[in-house]
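Subject: Structure handover

Hello,

Here is the structure I said I would pass on. My notes follow it.

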Amino acid sequence: MNPPISRRTVTTSLLAGAAALGTAGIANAAPAAGRPATGHGRPADPTVVLIHGAFADGSSWRAVVQRLLRQGHRVLAPALPLRGLASDAAYIRSVLESVSGPIVLVGHSYGGAVISQAAADLPSVKALVYIAAFVPEVGESALQLTGKFPGSTLGEATVTQHYPLPDGGQGDELVIRKDLFRNQFAAGVPVPTAQVMAAGQRPITLAALQEPATAAAWKKIPSWYLVATEDRNIPPAAERWMAERAHAHTVAVRAPHAVSVSDPGPVTDLILRAVRSVRTGH
């Protein structure tokens, strides 16, 4: 039995084995049949909405989704455009507004900045869960938070690509070099799985990483945070600092940035703790 979570950081062991990742992205998962009624004052069961980050797609949540579905939870894992913080947050907010009932909103990496903005003043979002993610204050960008503490090697592992803008101009987007992807993003994940992840990685625009946040939903919504202690994208010290600033219920896992792939068990456990909090109101 897991002990009650506290606001102090605790460390969990690296799970044996790693999750196998399918090549198809997970767009959404259907509601389980026979959901409990909400009568007799019982809060409705929340829908878990999973937002991936840069250099990933919805399939990065595959093993987490499977675990949540086995326990009868409703789950959505929409694709994030990764084009700009304001536009990405607006898109995710539109997804959230289509969901009936309470929501536990989960963000990985850059997805943390997106959920912080998308959930602002949205009553249906009852809990925020950050998985090795950015938790920006208003005016802060993901790039700024990455550089706040030493330890990130992402800059040396990425290359810049160009893409056309609607006005005829040219934008810059980043991808992780395939030969460095596993070491940088998914250390410890089986090589075949990391190769599939590298081939299907979603580029993020440089502008999205530089764009400052305009809202910080974590100031009003209870939050949970998983620190990946072997993260080479976001320095673990930055993750701990952001979690503490947000007064998040925090756990630490010896895992790489792609912790939902390498260690789906602890990720799922933290999400379920947020779900239980929403159910019970505590």
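Helix α6 passes helix α7 in a right-handed crossing, a term used when the near helix is turned clockwise from the far one by less than a right angle. The model is predicted, with local features needing pLDDT of at least 70 and side-chain atom pairs pLDDT 80 or more, while totals for chains, interfaces and linings use all residues. Residues are numbered from 1 along each chain as its sequence is written, and side-chain values use heavy atoms, without hydrogens and water.

α6 covers residues 178-185 and α7 residues 191-199; they pack at about 115 degrees, with axes 9 Å apart. Axes here are lines fitted to C-alpha atoms over the stretch in contact, and angles run from 0 to 180 degrees between N-to-C directions. Helices (H or I, at least four residues) and strands (E, at least two) are DSSP runs, numbered from the N terminus.

On the α6 side, K178, F181, R182 and F185 meet V191, A194, M197, A198 and A199 of α7, where contact means heavy atoms within 4.5 Å. By class, this contact has 7 nonpolar, no polar and 2 charged residues. Ala, Val, Leu, Ile, Met, Phe, Trp, Tyr, Cys and Pro count as nonpolar, Asp, Glu, Lys and Arg as charged, and the others, Gly among them, as polar.

H247 follows α9 and has a positive phi, near 55 degrees. H247 sits in the loop between α9 and β11 and counts as exposed, at 57% relative accessibility. Its C-alpha atom is 9.3 Å from that of Y225, 22 residues away along the chain.

E140 is in the loop between β6 (125-131) and α4, and is buried at 14% relative accessible area. The E140 side chain reaches the backbone nitrogen of E137 at 2.8 Å. Leaving out residues up to four places away in sequence, E140 touches V135, L145, E211, P212, A213, W241 and R245.

For the protein as a whole, there are 11 helices and 11 strands, and 54% of the 282 residues count as buried.

Regards

Note on methods: Buried means under 20% relative accessible area, exposed over 50%, partly exposed in between (1.4 Å probe, protein chains only). A polar contact is a pair of N or O atoms within 3.5 Å; within protein, one must be able to donate a hydrogen and the other to accept it, and residues adjacent in sequence count only if both atoms are side-chain atoms.
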